[in-house]
Amino acid sequence: MLRAVVIDDIEKIRKENIAIIKSTCPSISIIGQADSVASGITLIQQVTPDLVFLDVEMPDGTGFDLLQKVKPINFKVIFITGYEDFAVKAFRFSAIDYLLKPLDSDDLAEAVKKAESSLSKEVFDMKLSNLFANLERPKNLQNLILKTADRIYSVNIQDIVNCESDKNYTTFHFINAPKLVVSTNLKEYETLLTPHSFFRTHQSHLINMAYFDHFIKTDGGNTIIMKNKSAIPLSVRKKEEFLVLLENLQV
């Protein structure tokens with residue numbers, strides 16, 4: 001069983017979360033609870049849990065502050081937040097598990113299942129380092145966690161030239177590095193990267209506009225040429241939106 005603690009500043013929510021954890025996840029034993037960053041640190045040091053359900057916002061700081069103060073981190077973490085905010089984007093970029101309040105039993109079960117898997121401490125530490133790096137740049141997320149069949153990478157999104165879809169897989173092409181293939185569909189990365197100057201040109205292609213070079217209009221179709229000379233198709237339905245984007249870039 002996983003020995004877990006729940007840290008949340010609101011008693012009612014804390015009790016509700018403990019109740020749903022107990023009813024949904026019989027493999028978890030709740031061994032303590034705390035209502036602040038300070039009391040959470042003390043609790044973790046006293047009981048050394050395997051898993052921490054950690055609120056993001058508390059009166060005396062954040063869950064991130066708590067983690068910075070209990071290093072080395074010898075437990076797994078599932079963050080809990082009350083609203084969609086920048087922190088959620090940082091979690092997704094860093095492949096860190098999080099849950100939205102109120103807890104959904106299916107989402108909870110999936111997050112716990114991941115926590116129970118044999119994720120090495122080295123990999124978890126890399127994900128947390130990636131998360132902290134992104135949190136330091138609230139207006140400009142940079143580091144994205146990519147999981148291939150045998151490794152996990154932290155990449156800078158500014159190095160991504162384009163992403164190419166093949167059913168449930170996505171291939172990342174970089175300006176000065178070998179390509180990476182991950183078992184996540186392109187839609188997930190479109191959602192993450194579109195706010196950072198990426199554009200979905202086609203059902204199978206997402207490009208970084210920072211590497212756009214020129215656009216070729218031909219009778220047989222429309223093609224985007226990137227700065228690394230790669231040719232990316234532009235679908236008919238995306239052409240008008242792309243041309244408007246180019247016009248706005250010139251302003």
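Ser 154 is partly exposed, with a relative accessible area of 38%. Ser 154 sits in strand S9, residues 152-156. Strands and helices are DSSP runs numbered from the N terminus, where a helix (H or I) has at least four residues and a strand (E) at least two. From Ser 154 to Ile 73 there are 81 residues in sequence and 19 Å in space, C-alpha to C-alpha.

Before going on, please keep in mind that this is a predicted model, in which local features need pLDDT of at least 70 and side-chain atom pairs count only at pLDDT 80 or more, while totals for chains, interfaces and linings use all residues. Residues are numbered from 1 along each chain as its sequence is written, and side-chain values use heavy atoms, with hydrogens and water left out.

Now step back and look at the whole protein. Its secondary structure comes to eight helices and 17 strands. The C-alpha trace spans about 70 × 40 × 30 Å along its principal axes. Of its 251 residues, 46% count as buried.

Next, look for pairs of opposite charge. A salt bridge is a side-chain nitrogen of Lys or Arg within 4 Å of a carboxyl oxygen of Asp or Glu, and a search of the whole structure finds nine of them. One of these joins Lys 101 to Asp 8, with the closest N and O atoms 2.8 Å apart. Lys 101 lies in the loop between S7 and H5, and Asp 8 in the loop between strand S1 (2-7) and helix H1 (11-24), so this pair ties together parts that are 93 residues apart in sequence. Asp 8 counts as buried, because its relative accessibility is 1%.

Lys 101 has another partner. Asp 55 forms a salt bridge with Lys 101, and here the closest N and O atoms are 3.2 Å apart. This pair also links distant parts of the chain: Asp 55 is in strand S3 (residues 51-55) and Lys 101 in the loop between S7 and H5, 46 residues apart. At 3% relative accessibility, Asp 55 counts as buried. Put together, Asp 8, Asp 55 and Lys 101 are linked in a network of salt bridges.

Lys 12 counts as exposed, because its relative accessibility is 57%, whereas Glu 16 is partly exposed at 39%.

Asp 104, Asp 106, Asp 107 and Glu 110 form a patch of negative charge on the surface. Such patches are made of residues with over 30% relative accessible area and no salt bridge; like charges are joined within 9 Å, and nonpolar side chains (Val, Leu, Ile, Met, Phe, Trp, Tyr) within 5 Å. Glu 110 belongs to helix H5, residues 105-116, and is partly exposed, with a relative accessible area of 41%.

The backbone has some details to find too. The peptide bond from Lys 101 to Pro 102 is cis, with omega near -10°; Pro 102 is in the loop between strand S7 (98-100) and H5. Another cis peptide bond joins Lys 71 and Pro 72, where omega is about 0°. Pro 72 is in the loop between helix H3 (63-69) and strand S6 (76-81).

Which residues other than glycine have a positive phi? One of them is Ala 95, with phi near 55°, and another is Lys 167, with phi near 60°. Ala 95 is in the loop between helix H4 (86-94) and S7 and is partly exposed at 24%. Lys 167 is in the loop between strand S10 (160-166) and strand S11 (169-174), and at 74% relative accessibility it counts as exposed.

Finish with Thr 201, found in strand S13, residues 198-202. Is Thr 201 buried or exposed? Thr 201 is buried, because its relative accessible area is 0%. The side chain of Thr 201 reaches the backbone oxygen of Pro 233 at 3.0 Å.

Technical notes
Accessible areas come from the Shrake-Rupley method with a 1.4 Å probe; for residues, only the protein chains shown count as cover. Lys and Arg count as positive and Asp and Glu as negative; His and the chain ends are not counted. The place of a charge is taken as NZ of Lys, CZ of Arg, CG of Asp or CD of Glu. Buried means under 20% relative accessible area, exposed over 50%, partly exposed in between (1.4 Å probe, protein chains only). A polar contact is a pair of N or O atoms within 3.5 Å; within protein, one must be able to donate a hydrogen and the other to accept it, and residues adjacent in sequence count only if both atoms are side-chain atoms.
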